[in-house]
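Colleague: I have a new model open and would like to learn how to read its packing. Could you walk me through it?

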Amino acid sequence: MARIFGDDTAEKAGRLTLNPIPHIDMLGSIILPAILILTHSQVVLGWAKPVPVNAYNLHNPKKDMIWVSLAGIVTNLVLALVFSLISHVTTNVLLYNICFYGVLYNIILAVFNLIPIPPLDGSRVVSGLLPPRQAYEYSKVEPYGILVIFLLLYLGMFDFIFKGLSPLFKLLLG
């Protein structure tokens with residue numbers, strides 16, 4: 001999406017690829033999830049390297065960043081729909097299970113990334129909608145955002161979101 005709006009930073013960095021290797025973040029994709037799983041944590045969280053975007057290269061940085069931020073969320077929703085459609089036509093149990101988790105994780109990722117806590121995409125959308133001064137003040141939260149997210153996850157504050165998604169999963173996989 002950034003490339004459509006004038007920024008070729010990700011392309012130059014070799015990050016416009018379906019190959020997962022360039023997107024792996026050693027801490028966020030491997031070490032932290034492994035530690036959380038091995039310690040039987042009630043919260044398992046991970047991340048990939050963020051796709052680099054230089055807002056100064058965009059035609060209309062404030063407006064275009066909203067669309068760039070929504071692109072990943074829309075991709076998750078489209079993937080969930082594709083997995084759902086495949087799950088409805090397959091008779092293969094393994095493929096159905098793969099599709100089940102494809103729907104589950106893509107919906108969770110889409111909804112989670114909409115939460116307006118920096119550095120999640122929802123915060124970029126909110127920032128793009130705010131007047132410049134308020135957007136600047138809002139951006140000051142970003143250095144603490146990941147800590148806030150971990151704390152809220154640990155305290156179970158997002159459980160209501162994921163429990164609320166249950167009817168959507170039933171619809172897509174029913």
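**Reading the packing**

Modeller: Happy to! Let's begin with the largest nonpolar core, which has 10 residues: Val-43, Leu-45, Phe-112, Ile-115, Ile-117, Leu-120, Ile-149, Leu-153, Phe-158 and Ile-161. Keep in mind that this is a predicted model.

Colleague: What is the general idea behind looking for a core?

Modeller: Nonpolar side chains in soluble globular proteins tend to be buried together. In this chain, 30% of the 174 residues count as buried.

Colleague: Which residues is Leu-45 in contact with, leaving aside its neighbours within four places in sequence?

Modeller: Leu-45 touches Leu-32, Pro-33, Leu-36, Phe-112, Ile-149, Phe-150 and Leu-153. For the whole chain, 62% of contacts between residues at least 6 apart in sequence join residues at least 24 apart.

Colleague: How many helices and strands does the chain have?

Modeller: There are 9 helices and 0 strands.

Colleague: Then how do I read a helix pair, and at what angle do α4 and α9 pack?

Modeller: Two packed helices are described by the angle between their axes and the distance between those axes. Here α4 (residues 93–114) and α9 (residues 166–173) pack at about 145 degrees, with axes 11 Å apart, and their crossing is right-handed.

Colleague: Which residues meet there?

Modeller: From α4 come Tyr-96, Cys-99, Phe-100, Val-103, Leu-104, Ile-107 and Ile-108, and they meet Leu-168, Phe-169, Leu-172 and Leu-173 of α9. By class, that contact has 11 nonpolar residues, with no polar and no charged ones.

Conventions: Residues are numbered from 1 along each chain as its sequence is written. This is a predicted model: local features need pLDDT of at least 70, side-chain atom pairs count only at pLDDT 80 or more; totals for chains, interfaces and linings use all residues. Side-chain values use heavy atoms; hydrogens and water are left out. Axes are lines fitted to C-alpha atoms, for helices over the stretch in contact, and angles run from 0 to 180 degrees between N-to-C directions. Helices (H or I, at least four residues) and strands (E, at least two) are DSSP runs, numbered from the N terminus. A crossing is left-handed if the near helix is turned anticlockwise from the far one by less than a right angle, and right-handed if clockwise. Contact means heavy atoms within 4.5 Å. Ala, Val, Leu, Ile, Met, Phe, Trp, Tyr, Cys and Pro count as nonpolar, Asp, Glu, Lys and Arg as charged, and the others, Gly among them, as polar. A nonpolar core is a set of buried Ala, Val, Leu, Ile, Met, Phe, Trp, Tyr and Cys residues joined through side-chain atoms within 4.5 Å. Buried means under 20% relative accessible area, exposed over 50%, partly exposed in between (1.4 Å probe, protein chains only).
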